[in-house]
Amino acid sequence: GRERAVLVELLNRQMVMDTALGDTLIVPVDFNLPFCAYAPYPAFYEGAATFDKLFVIDKATQSFAAFEHGRLVRWGIVNTGSAETPTPNGRYNFNWRAEYRISSMSPPGQQWEMYWVLNFHLLRGIHIHQYALPTGGPTSAGCVRLVDNDAAWIYNWADTWQTSVGDRVGSERGTLYKQGTTVLVIGEDPPGAPEVFTFEGGKPQVRMVDLPADPFDVPPGTQQQVEWDRKRLGG
């Protein structure tokens, strides 16, 4: 059925309809587990236990995870930036959001439409958003692409910054009262499609993401984070 096919496609990063005769697909033994049981992330991440929400983007597996007080509540696949325009690693916070935007990277005469946009790098204008999602490896202009259902869910789940001028798109003015949901960008880009399985003993196993012991071990990705760290540590 279609519901099972979606899971197979996500696990293999390959559309069933595009699978050629003779290709191999890895299929779960049990389709009746909760969706998060198939994730390359642990069901509970102890390092995130003190975070009300934490969003992780792993470039090695081209995947994301959403945690609440350390508990995995959602995961899915992404496309990060290409070798020419990589998504920068680091620790960030979601800043502003917009349901719809035209990308500033649109070529002349074209309009790259983005839905469910959440910014996490204000200076470079890097967001997560819904967009056409090839099932291979890194391919975007720096932003992080998600399938529609995931992008919409995260848009409504995540918290953005709180400032004296409100949640204005791209605004740097005003006093920052509270950071948005913490975002970690970790891992190294694969040269092509990610290797999402290991084959120990001849049987495929999901390759688990190497999470930091403490999210604050991930270096701050922007000056905003540096300044917020200073306040957090009482400096």
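**Close-up views of a predicted protein model**

The protein exposes about 12300 Å², of which carbon and sulfur atoms supply 52%. The model shown in every view is predicted.

**Figure 1. Overall make-up of the protein.** The secondary structure consists of three helices and 13 strands. Of the 235 residues, 46% count as buried. When contacts between residues at least 6 apart in sequence are considered, 60% of them join residues at least 24 apart.

**Figure 2. The largest nonpolar core of the protein.** In soluble globular proteins, nonpolar side chains tend to be buried together. The largest core here holds 22 residues, and Tyr41, Leu54, Val56, Phe67, Ile186 and Leu211 are those that touch the most other members. Two or more residues of this core come from each of α1, β1, β2 (63-68), β3 (71-79) and β11 (182-186). Another core, of 20 residues, lies apart from it, and among its members are Ala66, Ile126, Leu146 and Ile154.

**Figure 3. The surroundings of Ile186.** Which residues does Ile186 touch, not counting residues up to four places away in sequence? Its partners are Val56, Ile57, Asp58, Lys59, Asn89, Val209, Asp210, Leu211, Pro212 and Val218.

**Figure 4. The salt bridge between Asp159 and Lys53.** Side chains of opposite charge can pair when their charged atoms come close. A search of the whole structure finds eight salt bridges. In the one between Asp159 and Lys53, the closest N and O atoms are 3.5 Å apart. Asp159 belongs to the loop between α2 (148-157) and β9 (162-163), while Lys53 belongs to the loop between α1 (2-12) and β1 (54-58), so this pair ties together parts that are 106 residues apart in sequence.

**Figure 5. A salt-bridge network around Asp229.** The side chains of Asp229 and Arg91 form a salt bridge, with an N to O distance of 2.8 Å. This pair links distant parts of the chain, since Asp229 is in helix α3 (residues 223-232) and Arg91 is in strand β4 (residues 90-93), 138 residues apart. Both partners count as buried: Asp229 has 11% relative accessibility, and Arg91 has 1%. The side chain of Asp229 also meets that of Arg232 in a salt bridge of 3.3 Å, N to O. Asp229 and Arg232 both lie in helix α3, three residues apart, which is about one turn of the helix. Arg232 counts as partly exposed, at 37% relative accessibility. Through shared partners, the salt bridges join Arg91, Asp229 and Arg232 into one network.

**Figure 6. The buried face of helix α3.** Which residues of α3 are buried? They are Gln224, Gln225 and Asp229. Seen down the axis of α3, these buried residues fall within an arc of 135 degrees, so they line one face of the helix. The elements that cover the buried residues of α3 include β4 and β10 (176-178). Strand β4 also holds Arg91, the salt-bridge partner of Asp229. After α3 comes Gly234, whose phi is positive, near 80 degrees.

Notes:
Residues numbered from 1 in each chain as written. Predicted model: local features only at pLDDT ≥ 70, side-chain atom pairs only at ≥ 80, totals over all residues. Heavy atoms only, no water. Salt bridge = Lys/Arg side-chain N within 4 Å of Asp/Glu carboxyl O. Helix = DSSP H or I, 4+ residues; strand = E, 2+ residues; numbered from the N terminus. Buried < 20%, exposed > 50% of the residue type's maximum accessible area, 1.4 Å probe, protein only. Contact = heavy atoms within 4.5 Å. Areas by Shrake-Rupley, 256 points an atom, 1.4 Å probe, with all protein chains shown as cover. Core = buried A, V, L, I, M, F, W, Y, C linked by side-chain atoms within 4.5 Å. Arc of directions from axis to C-beta.
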